Amino acid sequence: MAHNHDSKSMSMGKQVMAGTLATATVNTGGKLMSKAAKHPLLVFGLGMVAGFFVYKYRKDIIASASKTIDAGKDFVLHQKENLEDIVAEAKEDK
């Protein structure tokens, strides 16, 4: 029993630490962006860096987007088939 309690407290500690880290990251990012907005040259430089990484990983981004779109299409088709089955069953019951 004591072992289970220890693992739960460690798990809770990890969650608290992750939440604290996420909060600190968001606060730091917000402060950084507010400072960056005051310096147009810095905003331009950040845009250049972002553009570089988008260009560098464009094939991966396109593949990921295509995969997501295909998954969405499959989901819609599956839901359409389910709806057609439900409608057909409802018509049979009448």
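Start by selecting Phe53, which counts as partly exposed at 41% relative accessibility (buried is under 20% relative accessible area, exposed is over 50%, and partly exposed is in between, with a 1.4 Å probe and protein chains only). For pairs, ring centres of Phe, Tyr or Trp (its six-membered ring) must lie within 6.5 Å; planes under 30 degrees apart are stacked, over 60 edge-to-face, and the rest tilted. Tyr57 itself is partly exposed, at 37% relative accessibility.

A word on what you're looking at: this is a predicted model, where local features need pLDDT of at least 70 and side-chain atom pairs count only at pLDDT 80 or more, while totals for chains, interfaces and linings use all residues. Residues are numbered from 1 along each chain as its sequence is written, and side-chain values use heavy atoms, leaving out hydrogens and water.

How many aromatic pairs does a search of the whole structure find? There are 2. For the edge-to-face one, select Phe52 with Phe53: 5.3 Å centre to centre, 70 degrees between the planes. Phe52 is partly exposed too, with a relative accessible area of 48%. Keep Phe52, Phe53 and Tyr57 selected together, and you have one aromatic cluster.

Now widen the selection to Val49, Phe52, Phe53, Val54, Tyr57 and Ile61, which make a nonpolar surface patch of about 560 Å². Patch members have over 30% relative accessible area and no salt bridge; like charges are joined within 9 Å, and nonpolar side chains (Val, Leu, Ile, Met, Phe, Trp, Tyr) within 5 Å. A salt bridge here is a side-chain nitrogen of Lys or Arg within 4 Å of a carboxyl oxygen of Asp or Glu. Areas are Shrake-Rupley values with a 1.4 Å probe, and for residues only the protein chains shown count as cover.

Colour helix α2 (residues 40-56) next: it gives the patch its largest share, 4 residues. Helices (H or I, at least four residues) and strands (E, at least two) are DSSP runs numbered from the N terminus.

Then try residues 39-57, where UniProt (unreviewed entry) places a "transmembrane region"; positions follow the numbering used here, feature names are shortened, and annotations may be inferred rather than shown by experiment. That stretch is 89% helix and 0% strand, with end C-alpha atoms 27 Å apart.

Finally, zoom out: the chain has 3 helices and 0 strands, and of its 94 residues, 1% count as buried.
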